[in-house]
Amino acid sequence: MMTQTDSNAAMEDFAGRIGPWLSARLPGLPKVSISDASEPAQGFSSRTILFTARWDTGEGAQARRLVARIQRDVAVPMLADVFHQYRVMRAIAAHSAVRVPKIDFAESDPTVLGAPFFLMDRVDGRVPPDFPSYHQQGWFADLTTAERTRAWWNGIEEMARLHRIDWRNFGFLAPQQETAPDAVFYLDRFVGNWFDWARDGRAFPVIAEALATLRAAAPPADQSGLVWNDARLGNTMYDAAGTGVAALFDFEVATLGPPEVDLAHWVYLDEVFSENFGVPRIDGLPRGAEAVAGFERIYGRPMPRFSYYMAVAALKILILSVRNYGNDKDMGAPAALPDFLVRRLEHYLGEFMAGR
């Protein structure tokens, strides 16, 4: 475990490296000083370091609050490239007004910081916490029921803007793809690939059979676009009031497919962070028919097969539970599949099949 002394030394080393590198990329090559460098809790695919860069120009002193996302060694192939997120976020910014952090700097040479990285602007705001769950305590739980509902729907509105971007603007996610990516594309390119890695040669009949059933019964896609793939309150930053969206982030595993994939994941993660943890579900977060009706209003089209995508979300989260990630964010894969996740998969799969 890293001590405070080790952490301070690491931040000093980071500052000594990133300052000259950033200087070489600014007009006039000003001397850049780095302050307030800190490293919060790690994500799965990259290290995150927050810092402030300061320099002088002919127009006076400049300061920019930045976030470094640095590639880490990970066992999961789908998380192995920090520039996957970089390319996705740059494309989002280039083709929409979706609120994502601005990215101006990137480096593929690992000798600078020990691994490839990119820098993005730091956005001020608040994020609903995963641990302890936002259903249980924290600033989001302290909102009124009406405020929580407004925040939830504002997140969906921002996500809808993300889904309106033409999928062809993300061609690097599916080279040579000529037809709009549908549910089968998503299951094959992402869910199936993740399962192949996660099972590591082991047999999981419940998962294999569900994947085959969903693939065979896939409905046609009424809309295709970017799939955020980790759409949830915990990846949405809100403004100081707690209801307006300040930014969407964490696009490490973004891919392509129907928007319903993200909408179902958003709803399903509310269940995971409440019922799965034995925490009462907080008031104000829509689900079931109420949620679908709101999605249909925002997206301007019916979503009669939404239970299919709830089953896809349940399957994806179940797959994430079967193998350790091989880094210091170890998930602690269980000896047996988690009962709650299996039951939810069976519930939504049964609901979809019964309504066909």
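Here are legends for a few close-up views of this predicted model.

**View 1. Glycine 114 sits in a loop between two strands.** The strands on either side are β4 (103–107) and β5 (117–121). Glycine 114 has a relative accessible area of 58%, so it counts as exposed, the cut-off being over 50%. Look for arginine 72 too: it's 42 residues away from glycine 114 in sequence, but the two C-alpha atoms are 9.4 Å apart in space.

**View 2. The largest nonpolar core has 100 residues.** Which members touch the most others? They are Ile92, Trp152, Ile156, Leu226, Phe251, Tyr268 and Phe295. Helix α9 (residues 306–320) is the top contributor to this core, giving 12 residues. A separate core of 21 residues lies apart from it, and includes Leu22, Ile49, Ile70 and Phe117.

**View 3. Zooming in on isoleucine 156 shows who it touches.** Skip the neighbours within four places in sequence, and isoleucine 156 is in contact with Leu263, Trp266, Phe295, Ile298 and Tyr299.

**View 4. Helix α5 (residues 183–199) has a bend in it.** Where is the bend? It's at valine 191, and it comes to about 30 degrees. Valine 191 is also one of the buried residues of α5, along with others including Phe185, Leu187, Trp194 and Trp197. What do the buried residues of α5 pack against? Their partners are α6 (205–216), β6 (225–227), β9 (255–257), α7 (260–272) and α9.

View 5. After the helix comes aspartate 200, which has a positive phi, near 50 degrees.

Technical notes: Residues numbered from 1 in each chain as written. Predicted model: local features only at pLDDT ≥ 70, side-chain atom pairs only at ≥ 80, totals over all residues. Heavy atoms only, no water. Helix = DSSP H or I, 4+ residues; strand = E, 2+ residues; numbered from the N terminus. Buried < 20%, exposed > 50% of the residue type's maximum accessible area, 1.4 Å probe, protein only. Core = buried A, V, L, I, M, F, W, Y, C linked by side-chain atoms within 4.5 Å. Contact = heavy atoms within 4.5 Å. Bend = angle between axes of the 7 residues up to and from the residue.
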